[in-house]
Amino acid sequence: MRLSNCCYAVTGLGYSAPWFVNAGLIAGDKRTLIVDTGGNMHAAQTLHGYAVAAKPGNLLQVINTEKHFDHIGGNSYFRDQGVEVWGHSGIARTEAEFQAEIAEFNDGIVSSARRAAGEAKAFFSGTRLVNPNRALDEETTFDLGGCSASVLFTPGHTATNVSVWVEEERVLYTGDCLINEYVPNLDAGGVADWKVWLASLERVEALRAEIVVAGHGPVARGDEVQRVIDTVRRILDEAIARGVSPTAG
Ligand SMILES: [Zn+2]
């Protein structure tokens with residue numbers, strides 16, 4: 001969906017139920033920045049099609065908001081098209097981790113017959129693990145021609161999390177630094193990481209974004225943005241106080 005002059009959200013891309021994952025497009029006059037690639041090659045094909053349709057002829061660039069496979073699964077498709085994939089320099093996933101993700105995905109299938117048939121293979125068909133080929137060691141701004149997108153380091157969910165801020169249009173893509181409607185996933189870290197996450201929330205809050213595309217869940221607008229930030233903050237505060245993730249065990 002179009003959010004503003006340059007900014008689009010692609011919501012509802014598939015992942016293990018009940019999660020859907022989001023991506024973004026920021027289309028300038030010369031370049032289109034694609035924020036995340038979904039969980040598999042098929043999501044990437046969809047994103048690629050939307051990106052080309054939004055601004056035909058633009059140079060495409062991709063940025064990953066973090067290292068988890070639901071945000072980088074389509075990287076292989078874009079690299080196969082010759083598209084640069086940017087991401088935090090800490091994104092260095094291994095083939096063993098990717099195979100473990102596929103196995104875990106398959107284990108989550110409710111039907112024993114579908115589990116036995118290994119239907120996770122269908123979800124990941126044509127998908128290879130590809131890490132970013134352009135490492136981000138510091139914050140940067142992409143000049144897309146007529147609009148620009150600033151990469152902000154917003155760690156906490158993982159150490160590799162970044163957000164993308166389109167200040168002129170007050171649109172913020174947060175990856176999983178913010179989650180809307182779902183309980184955020186705190187399981188990749190512990191109390192020290194959750195405190196880092198809280199600091200990232202402060203930074204995100206100070207931007208006063210009017211539209212937020214979170215990593216998962218509906219796009220938030222207006223007053224809902226603050227509600228989403230407050231909800232994630234409350235869950236982090238509670239987890240820090242208890243010393244355990246809300247979804248642990
Ligand atoms: Zn995610």
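Helices (H or I, at least four residues) and strands (E, at least two) are DSSP runs, and they are numbered from the N terminus. The structure described here is a predicted model, in which local features need pLDDT of at least 70 and side-chain atom pairs count only at pLDDT 80 or more, whereas totals for chains, interfaces and linings use all residues. Residues are numbered from 1 along each chain as its sequence is written.

Six strands form an open sheet of mixed pairing, in the order S1-S2-S3-S4-S5-S6, where two strands are taken to pair if DSSP finds at least two bridges between them. Strand S1 (7-14) and strand S6 (134-136) stand at the edges of this sheet, and because each has a single partner strand, one side of each is left without a neighbour in the sheet. On average, neighbouring strands are turned by 25° against each other, direction ignored; such angles run from 0 to 180 degrees between N-to-C directions, and the axes are lines fitted to C-alpha atoms, for helices over the stretch in contact.

The pairings within the sheet can be followed from strand to strand. Strand S2 (residues 20-27) and S3 are joined by four bridges in the antiparallel sense, and here leucine 25 has isoleucine 34 in S3 as its bridge partner. Strand S3 (residues 31-35) then pairs with S4 over five bridges, in the parallel sense, with threonine 32 having leucine 60 in S4 as its bridge partner. Strand S4 (residues 59-63) is mostly covered, since four of its five residues are buried; a residue is buried if 20 or more other C-beta atoms lie within 10 Å of its own, exposed if 12 or fewer, and partly exposed in between, with C-beta atoms placed from the backbone.

The loop between S1 and S2 contains proline 18, which is joined to alanine 17 by a cis peptide bond with an omega of about 5°. Serine 16 has its C-alpha atom separated by 9.8 Å from that of glutamate 104, although the two residues are 88 residues apart along the chain. Glutamate 104 lies in helix H4 (residues 95-107) and counts as exposed, because it has 12 C-beta neighbours inside 10 Å.

A further set of pairings involves strand S10. Strand S9 (162-166) and strand S10 (171-175) are separated by a loop in which arginine 170 is found. The two strands run antiparallel and are joined by three bridges, and valine 166 has valine 171 in S10 as its bridge partner. S9 and S10 form a hairpin with four residues between them, and arginine 170 in the turn has a positive phi of about 55°. Arginine 170 counts as partly exposed, because it has 17 C-beta neighbours inside 10 Å. S10 itself has five of its five residues buried, so the strand is largely enclosed by the rest of the structure. Both of its faces are covered, with Val171, Tyr173 and Gly175 buried on one side and Leu172 and Thr174 buried on the other.

S10 also runs parallel to strand S11 (residues 211-214), to which four bridges join it, and leucine 172 stands opposite valine 212 in S11. With H7, these two strands make a right-handed β-α-β unit. Glutamate 181 lies in the loop between S10 and helix H7 (191-206), and has a positive phi of about 80° although it is not a glycine. Glutamate 181 is exposed, with 12 other C-beta atoms within 10 Å.

The largest nonpolar core has 58 residues, and those with the most contacts inside it are Ile26, Ile34, Leu178 and Val212. Helix H8 (residues 223-242) gives the most to this core, with six residues. A nonpolar core is here a set of buried Ala, Val, Leu, Ile, Met, Phe, Trp, Tyr and Cys residues joined through C-beta atoms within 7 Å. Leaving aside its neighbours within four places in sequence, leucine 178 is in contact with Val204, Val212, Ala214, Val228, Ile229 and Val232, contact meaning that the C-beta atoms of two residues, placed from the backbone, lie within 7 Å.

Note on methods: A crossover is right-handed if, with the strands pointing away from the viewer, the path from the first strand over the helix to the second runs clockwise.
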